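Trainee: Could you walk me through this structure, one piece at a time?
Mentor: Gladly! Let's look at it together.

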Amino acid sequence: MLAVTAADHLAPGPRPDGPVAVLANPTAGRGRHRGLLPRLLDRLATAGRPVRLLEAGTGAQAEAACRAAVADGAAALVTVGGDGTVHRGLQAVAGTGVPFAPVPAGTGNDFAADTGFPADPIAAVETVAAALREGRTRPVDLARMTGPGGDTRWYGAVLAAGFDAIVNERANRMRRPRGPRRYDLAILVELARLRPRRYTLRLDGEPLERDAVLVAVGNCASYGGGMRICPDADPTDGLLDVVVGGRFDRRTLIRVKPRIYRGTHVRHPLVSSHRARTVELAAEGITTYADGERCLDLPVTVTAVPGAVRLLR
């Protein structure tokens, strides 16, 4: 099997005199950092490059704006928001050589945390500005997900393909209640419907079949705002971590879920952990969520791509 590297996907690099493009999500973190944006942009400008704030009203528009900025020769792309905002930016910079940085300002900032950025947005943007001034970047792996029709998505943190993905899908179909209560209600509904599903996996070509409730494929360790679902995942090792939680009943799942924050759930006898460069994953009726964003229906193939993005850190 041929190893996949970022060089296989490289597009023309950034223009030396290009601007730093910034994608900001004003609703990230329920808007609690919205007033910080002017300060963040001012701090970023201390790197001595022009700063261009991208305009977008929807996720699709945000992604298109990032792609256009990269195509136009942006010197770097910076996202201000949570993992969803990062996910949009990664679709534009993956494999291009354009430096990238996440400034954490969302409810879930797992990619930023797991790749070493400060949790405070001001401290994070100071780190980014210093890296820009010094021309310093660090390569980090990404995961590339491909569906049977050839559709491709990149992600930085974790792909959820089990109970959590099902809950997200339920919550997205509900119109009420608004806010976090909708997600809580979706959990209750799906707990009542909980049943293991049959998953077929191939890990670097080796077959594995499981009846499971939880399935995650991690480039990084965490998802959902600090839940260490793949606690040993390292975004610089060229590998994906696969965690499978087997035939949990409702009571067992409720007991095990809090342990995910500490990463100790992997010690449970119904949980197995695996590591591979390429993961083929199939199950009936599952829509995946990566970096918290709705992605492709199963089946998918996920591949670790070493050094697919260069972080300003």
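Trainee: Where is the place of Thr96?
Mentor: Keep in mind that we are looking at a predicted model. Start from helix H3, residues 83–93, and move on towards strand S4, residues 100–104. Thr96 sits in the loop between H3 and S4.

Trainee: Is Thr96 buried or exposed?
Mentor: The relative accessible area of Thr96 is 8%. A residue counts as buried when that value is under 20%. Therefore Thr96 is buried.

Trainee: Are helix H1 and helix H5 roughly parallel or roughly antiparallel?
Mentor: The axes of H1 (residues 37–45) and H5 (residues 121–134) come within 8 Å and cross at roughly 20°. Angles under 35 degrees count as roughly parallel. So H1 and H5 are roughly parallel.

Trainee: How many residues of the contact of H1 with H5 are nonpolar?
Mentor: H1 contributes Arg39, Leu40, Arg43 and Leu44. From H5 come residues including Pro121, Ile122 and Glu126. By class, there are 3 charged residues, no polar ones, and the nonpolar count is 8.

Trainee: Is the crossing of H2 and H3 left-handed or right-handed?
Mentor: Helix H2 spans residues 59–71, and its axis comes within 8 Å of that of H3, at roughly 35°. As H2 passes H3, the crossing is right-handed.

Technical notes. Residues numbered from 1 in each chain as written. Predicted model: local features only at pLDDT ≥ 70, side-chain atom pairs only at ≥ 80, totals over all residues. Heavy atoms only, no water. Helix = DSSP H or I, 4+ residues; strand = E, 2+ residues; numbered from the N terminus. Buried < 20%, exposed > 50% of the residue type's maximum accessible area, 1.4 Å probe, protein only. Axes fitted to C-alpha atoms, helices over the stretch in contact; angles between N-to-C directions. Parallel < 35°, antiparallel > 145°, perpendicular 65-115°, else oblique. Contact = heavy atoms within 4.5 Å. Nonpolar A, V, L, I, M, F, W, Y, C, P; charged D, E, K, R; others polar. Left-handed = near helix turned anticlockwise from the far one by under 90°.
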